[in-house]
Amino acid sequence: MNNMLNFIAGVGSSFRSKMTRLGAGTRLFFLILIYSVDSFKRIGLTIREIYFTGVLSLVIIIVSAFFVGMVLGLQGYYTLEKYGSSEAIGVLVALALVRELGPVVTALLFAGRAGTAITAEIGLMKATEQLSAMEVMAVSPVARIIAPRFWAGMISMPILATIFSMVGILGGYFIAVLVIGVDEGAFWSQMQANVDFSNDIVDGAIKSIVFGFACTIIALFEGFDAPPTAEGVSRATTRTVVISSLAVLGLDFILTSFMFV
Amino acid sequence: MERTKLDIWVGIFVILGLAALFGLATKVGNLTSNNIKDTYTIYAHFENIGGLKPRAAIKAAGVVVGRVNSIIFDTEAYHAVVSIDVDNRYIFPKDTFANIYTAGLLGEQYIGLEAGGDMTNLAAGDLITQTQDAVVLEKLISQFLYNKASEEE
């Protein structure tokens, strides 16, 4: 009987602490919205963060996009060739990238490349009491540190996902047309006939904006909430990657089931 | 890093993103290819539309001249009413034939228009009276088997 009560109490306390964290995360989001006006007055801060989260992620995004596109081209060709419709390779590569792989893989890489950096930086600032020092000087850490990083993530993520899709399609083009020798005209024209701008491309962009929001807010909150110790920061960084990845995959399923009926 | 160099890199980043979006819109998507803007709507009745879908192509002599706008089922006459958006540049005589064809063996279905010889042309809101339904494979096979059976008797 006592074991049973302990078990129920354990479930209750873990649920309560998760809800508390969710509430604190939502509170941080509204604080960011309130302090955004202040941080936009010094737009240079946001531009600096776009450089660190966006521009510096370009290399890994472009390289992985090219390889993902090449693999899609190869694998798609082997299967489609059996049905004698290897010209449809362009459609396959483009739809797979624009609808799913572009936003999702970019978000996973973004969480690993930029999200961890944000969490570790903010966690370390907290551990070395830089955030407290700012508050003492009557500078809001949300306006000075958090909000610019939030908007930088929201702006960078859709741009990175768009670049990922385009580079991936070029990778597929490289394998299918230049290496295997699928007809170039059929490759592009079938793609244009089957990829719809307002459905496929815009829906992919909406996905990337949602993922950008999820990854950035999770990274910021984990950093802001990290215990101010070396161990706390390292755990927070790990949690950022795990929670961001799960959130992206879960959100992707929900968004896909709404968008492409 | 100094401010201007930072701005340049972020500028390159944003321009690269816009270029990728432009590439997706024009080269990959269909934003430019179906530039059918000004259209007039005509209607056609079919007993069976097969697998025809909204936004399917309307072709005349193989050239795309329009798109299927909507397909509804008429509950009074029990047939499908297909509304067709045809580009304003193309006019067709009143006795135009509308057939549902299949692109290739397994491809998607489209409507083929074959012009007749009437002197008056179809205007917006007109009805195409001569139509031919989609070929349903099951019907074709059962017809074939029926003929085969009657031959043997």
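Modeller: Arg21(A) forms a salt bridge with Asp225(A), with 2.5 Å between the closest N and O atoms; a salt bridge here is a side-chain nitrogen of Lys or Arg within 4 Å of a carboxyl oxygen of Asp or Glu. This pair links distant parts of the chain, since Arg21(A) is in helix α1 of chain A and Asp225(A) in helix α8 of chain A, 204 residues apart. Helices are DSSP runs of H or I with at least four residues, and strands are runs of E with at least two, numbered from the N terminus.

Colleague: On what basis are these values given?

Modeller: This is a predicted model, in which local features need pLDDT of at least 70 and side-chain atom pairs count only at pLDDT 80 or more, whereas totals for chains, interfaces and linings use all residues. Residues are numbered from 1 along each chain as its sequence is written, chains are lettered from A and ligands numbered from 1 in the order in which they are written, and side-chain values use heavy atoms, with hydrogens and water left out.

Colleague: Which other residue meets Arg21(A) in a salt bridge?

Modeller: Glu222(A) does, at 2.8 Å from N to O. Glu222(A) is also in helix α8 of chain A, and 201 residues separate it from Arg21(A), which lies in helix α1 (residues 2–41).

Colleague: Is Glu222(A) buried or exposed?

Modeller: Glu222(A) is buried, because its relative accessible area is 2%. The classes are buried under 20% relative accessible area, exposed over 50% and partly exposed in between, with a 1.4 Å probe and protein chains only. Arg21(A) counts as partly exposed at 28%, and Asp225(A) is partly exposed at 31%.

Colleague: And what about Arg149(A) and Glu121(A)?

Modeller: They form a salt bridge, the closest N and O atoms being 2.9 Å apart. Arg149(A) lies in helix α6 and Glu121(A) in helix α4 of chain A, so the pair ties together parts 28 residues apart in sequence. Arg149(A) is buried at 4% relative accessibility, while Glu121(A) is partly exposed at 33%. Elsewhere, salt bridges that share partners join Arg21(A), Glu222(A), Asp225(A) and Arg239(A) into one network.

Colleague: How many salt bridges are there over all chains?

Modeller: The search of the whole structure finds 12.

Colleague: Which helices of chain A supply the side that touches chain B?

Modeller: At least two residues each come from α2 (43–53), α4, α6 (141–180), α7 (184–194) and α8 (197–225). The largest share, 8 residues, is supplied by α6(A).

Colleague: What area is buried between the two chains?

Modeller: About 2,200 Å² is buried between chain A and chain B, and carbon and sulfur atoms give 80% of it. Buried area is the accessible area (1.4 Å probe) that two parts lose on being put together, summed over both. In chain A, Tyr51(A), Gln192(A) and Phe197(A) lose the most area to chain B, together 26% of what that side buries.

Colleague: Changing topic, where is Thr216(A), and what does it touch?

Modeller: Thr216(A) is in helix α8 of chain A and counts as buried at 1% relative accessibility. Leaving out residues up to four places away in sequence, Thr216(A) touches Phe110(A), Arg149(A), Phe150(A), Gly153(A) and Met154(A), where contact means heavy atoms within 4.5 Å.

Colleague: Which transmembrane regions does UniProt list for chain A?

Modeller: The unreviewed UniProt entry lists residues 50–77, 89–110, 157–180, 201–221 and 241–260. UniProt positions are in the numbering used here, feature names are shortened, and annotations may be inferred rather than shown by experiment. In the model, residues 157–180 of chain A are 100% helix, with end C-alpha atoms 33 Å apart. Residues 201–221 of chain A are 100% helix as well, and their end C-alpha atoms are 30 Å apart.
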